[in-house]
Amino acid sequence: MKATFFITYIMVDGWAGIAIEILRVVPFVLFHLKNALLVKTDQDREPAMDPGFLDFATYEPRIQLYFLLGLVSCVITPMLLPFIIVFYAFAYLVFRHQIINVYDRKYESAAAFWLDVHLRILTGLFIAQLILLGLLSTKSLGKSTPLLIALPVLTIWFYIICKGQFESAFVQFPLQNAMMDTLERATKPNLNLRLYLRDAYVHPVFKGGEVNLLYNIDLEEDSLLILTKWVSQSSRVTSLAGSDAMV
């Protein structure tokens, strides 16, 4: 009974949703309505033909939901797995085509959501392993349950290793971005930042005061050299050796 419900849910919401996504029925109807009622010139047709962008906040949690269903159902009702595999195969082909050829890129997150996605996938795997332990403990294979305790432990250990290896790439900024404040202070020491921010979002016609616009620093062309305080390891060792010799 549970397998029937989830199979129906995957076919109605998953397979049909992927088919609607590739057909784009709603944008097709909206385009013809806008073309008939609002478009008067060729310039008006461009906004009407705007494909939009991929709603990441809607599609990504739904894909994670199917992944969680697949992990849990592989223990309880393995009959769901072929339907989920078919869904992921179609979803890969459709969304790859839509992202490359259809949708506009609204922003570039630089894979900033990877940590959250990785944590949720491992959480689903951890839940599936706990369900497997509980299911085997109620069957005749209860003696093998203690041997499977290593699975959740290895999953947590794997998450800790991945977090230690890759988290710094998402929470620490490159040196080029970190040096922007130093470059601004060195090249523009008299910049009144508070006065600039007061008129930053005001139209240039209505701006008051004598505040210049922010400049764009091209690091590749100008190659600015900024003096910073830095002590090398060798000089530090030399100074320590000299102090020891004096003693």
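**View 1. Val26 sits in helix H2.** Helices here are DSSP runs of type H or I with at least four residues, numbered from the N terminus. Is Val26 buried or exposed? With a relative accessible area of 55%, Val26 is exposed; buried means under 20% relative accessible area, exposed over 50%, and partly exposed in between, with a 1.4 Å probe and protein chains only. This is a predicted model, in which local features need pLDDT of at least 70 and side-chain atom pairs count only at pLDDT 80 or more, while totals for chains, interfaces and linings use all residues. Residues are numbered from 1 along each chain as its sequence is written, and side-chain values use heavy atoms, with hydrogens and water left out.

**View 2. Val26 belongs to a nonpolar surface patch of about 990 Å².** To join a patch, a residue needs over 30% relative accessible area and no salt bridge; nonpolar side chains (Val, Leu, Ile, Met, Phe, Trp, Tyr) are joined within 5 Å, and like charges within 9 Å. The areas come from the Shrake-Rupley method with a 1.4 Å probe, and for residues only the protein chains shown count as cover. Two elements give two or more residues each: helix H1 (2-23) and helix H2 (25-37). Which element gives the largest share? That is H2, with seven residues.

**View 3. Arg24 lies in the loop between H1 and H2.** Its phi is near 55°, a positive value in a residue other than glycine. Arg24 counts as buried, at 17% relative accessibility.

**View 4. Arg120 and Glu60 meet in a salt bridge.** Their side chains are 3.8 Å apart, N to O, and the structure holds one salt bridge. The term stands for a side-chain nitrogen of Lys or Arg within 4 Å of a carboxyl oxygen of Asp or Glu. Arg120 is in helix H6 (residues 114-137) and Glu60 in helix H4 (residues 56-76), so the pair ties together parts that are 60 residues apart in sequence.

**View 5. H4 packs against H6 and against helix H5 (residues 81-101).** The axes of H4 and H6 are 8 Å apart, at an angle of about 20°; axes are lines fitted to C-alpha atoms, for helices over the stretch in contact, and angles run from 0 to 180 degrees between N-to-C directions. H4 and H6 are therefore roughly parallel. For H4 and H5, the angle is about 155° and the axes are 10 Å apart, so these two are roughly antiparallel. Angles under 35 degrees count as roughly parallel, over 145 as roughly antiparallel, 65 to 115 as roughly perpendicular and the rest as oblique. The crossing of H4 and H6 is right-handed, while H4 passes H5 in a left-handed one. Left-handed means the near helix is turned anticlockwise from the far one by less than a right angle, and right-handed means clockwise.

**View 6. Ser144 is placed in the loop between H6 and helix H7 (150-166).** Ser144 is partly exposed, with a relative accessible area of 27%. Ser144 and Leu133 are eleven residues apart in sequence, and their C-alpha atoms are 9.1 Å apart in space.
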